Amino acid sequence: MSETTGASYAAAGVDIEAGDRAVELMKEWVKKTQRPEVLGGLGGFAGLFDASALKRYERPLLASATDGVGTKVDIARQMGVYDTIGHDLVAMVMDDIVVCGAEPLFMTDYICVGKVHPERVAAIVKGIAEGCVLAGCALVGGETAEHPGLLGADDFDVAGAGTGVVEADRLLGPDRIRTGDAVIAMASSGLHSNGYSLVRHVLLNQSGLSLDARIEELGRTLGEELLEPTKIYSLDCLALTRTAEVHAYSHITGGGLAANLARVIPDTLHAVVDRSTWTPDPIFDLVGRTGKVERLELEKTLNMGVGMMAIVPQQSVDVALATLADRDVEAWVAGEITDRGEHTTGAELVGDYA
């Protein structure tokens with residue numbers, strides 16, 4: 001009688017040893033993110049955070065957020081560059097959390113791959129860990145899942161969830177905003193991590209541009225521009241709330257500048273943002289011109305050069321701008337808060353770009 005070999009996990013495409021190797025490679029990067037409240041290390045079933053640290057708060061409110069990076073991961077895959085996409089993930093999660101004034105505490109990640117390439121997974125985690133350091137939070141755990149048959153051997157996706165804390169009486173948001181407040185814009189580092197379905201369709205599919213093509217107006221290759229990491233504003237925003245009176249923040253992500261700003265404007269007020277106060281980076285013009293995308297469509301999809309906005313009283317404008325300048329954050333007064341009147345939306349863009 002001939003012997004037959006039964007089915008196995010490895011034969012089905014899942015390599016447990018490769019996963020273990022990836023964990024070993026990522027440990028040194030995760031260690032760099034540790035805060036004193038974190039207990040234990042990688043390998044447990046859950047990340048532990050000492051909540052007794054919250055005793056210093058009168059009424060601590062926990063803030064949580066979750067997000068991914070979208071189709072920007074496909075640019076990373078095509079470029080074979082995996083250690084920047086983690087910055088994007090942390091920015092998408094932690095800059096949402098800081099909008100309410102919360103201090104980022106910790107984050108977990110989820111990496112889904114078609115096949116575990118240990119060095120590649122470790123590079124992704126390296127980027128996430130570096131992003132956590134920039135955001136001031138700990139990376140307390142995560143999951144790497146191998147999905148053969150669902151994803152190609154080189155395909156992957158990333159997602160993450162984070163938690164922060166804010167004192168209840170320091171919670172930022174619509175209730176604090178008043179008529180006459182100034183709207184301060186903080187420059188983005190480029191496209192960040194939103195609108196890549198449009199960008200890829202226009203630049204790669206319609207126009208057939210190559211990721212390694214050098215674009216003179218960008219001063220680098222198209223791939224380098226598209227992989228530029230999302231700027232992480234968390235610590236800058238926390239510093240600003242310590243030095244100036246801040247009423248609200250708005251993280252400019254999918255949906256564009258006006259729609260995201262409107263999310264923090266109360267029903268009785270209206271934000272007017274003047275386009276003439278800044279010039280969007282060349283990548284935005286390249287997308288619009290190449291794809292013949294109308295300006296309003298671009299503005300509904302992309303950040304147009306603004307990654308975060310702060311709403312502050314007029315008397316705090318000078319110190320706010322000085323604080324951001326000291327932290328090397330390009331910022332400017334881009335608009336103001338007015339009464340809603342007959343406006344049907346919470347925010348609008350007026351004028352033409354400089």
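Where does Asp328 sit? You'll find Asp328 in the loop between helix 11, residues 317-326, and strand 13, residues 331-339. Now look at Asp236 as well: it is 92 residues away from Asp328 along the chain, yet the two C-alpha atoms are separated by 9.3 Å. One thing to keep in mind throughout: this is a predicted model.

Let me zoom out for a moment. The protein has 354 residues, and buried ones make up 51% of them. On the secondary structure side, there are eleven helices and 14 strands. The accessible surface comes to about 16,300 Å², and carbon and sulfur atoms hold 51% of that. And if you take the contacts with a separation of 6 or more, 85% of them are between residues 24 or more positions apart.

Asp212 lies in the loop between helix 5, which is 196-206, and strand 8, which is 214-215. Is Asp212 buried or exposed? Its relative accessibility is 60%, so Asp212 counts as exposed. Asp212 and Met79 are 133 residues apart along the chain, and their C-alpha atoms are separated by 8.5 Å.

Now for the strands. Please find strand 11, residues 269-274. It's mostly covered, with five of its six residues buried. Which way does strand 11 run relative to strand 13, parallel or antiparallel? That pairing is antiparallel, and it has five bridges. Then there's strand 14, residues 347-350, which runs parallel to strand 11, with four bridges joining the two. In strand 13, its bridge partner is Glu336, and in strand 14 Val272 stands opposite Glu348.

Next, the inside. The largest nonpolar core has 77 residues, and the ones that touch the most other members are Phe156, Leu226, Leu261, Ile265, Ile283, Met309 and Ile311. Let's pick Leu261 from that group. Which residues does Leu261 touch, if we skip those up to four places away in sequence? They are Val183, Ser250, Ile252, Ala271, Val273, Met309, Ile311 and Ala347. Apart from that core lies another one, of 20 residues, including Val99, Cys237, Val246 and Met308.

On to a couple of helices. Helix 3, residues 85-97, has 13 residues and reaches 19 Å from its first C-alpha to its last, close to the expected 18 Å.

Helix 4, residues 118-135, has 18 residues and reaches 26 Å, close to the 26 Å expected at 1.5 Å a residue. This helix is mostly covered too: 13 of its 18 residues are buried. Just after helix 4 comes Gly136, with a positive phi of about 80°.

His192 has a phi near 60°, and it lies in the loop between strand 7, residues 182-187, and helix 5. His192 counts as buried because its relative accessibility is 1%. The other one is Met304, with a phi near 55°. Met304 belongs to the loop between helix 10, residues 295-301, and strand 12, residues 306-312. And why does Met304 count as buried? Because its relative accessibility is 5%, and the cut-off for buried is under 20%.

Last stop, the cysteines. A disulfide is a covalent bond between the sulfur atoms of two cysteines. How many disulfides are there here? The count comes to zero. Take Cys137: the nearest cysteine sulfur is that of Cys132, 3.6 Å away, and Cys137 is in no disulfide. With a relative accessible area of 1%, Cys137 is buried. Cys112 is buried as well, with a relative accessible area of 9%.

How values were computed
Residues are numbered from 1 along each chain as its sequence is written. This is a predicted model: local features need pLDDT of at least 70, side-chain atom pairs count only at pLDDT 80 or more; totals for chains, interfaces and linings use all residues. Side-chain values use heavy atoms; hydrogens and water are left out. Buried means under 20% relative accessible area, exposed over 50%, partly exposed in between (1.4 Å probe, protein chains only). Two strands pair if DSSP finds at least two bridges between them. A disulfide is a pair of cysteine sulfur atoms within 2.5 Å. A nonpolar core is a set of buried Ala, Val, Leu, Ile, Met, Phe, Trp, Tyr and Cys residues joined through side-chain atoms within 4.5 Å. Contact means heavy atoms within 4.5 Å. Accessible areas come from the Shrake-Rupley method with a 1.4 Å probe; for residues, only the protein chains shown count as cover. The expected span of a helix is 1.5 Å times one less than its number of residues.
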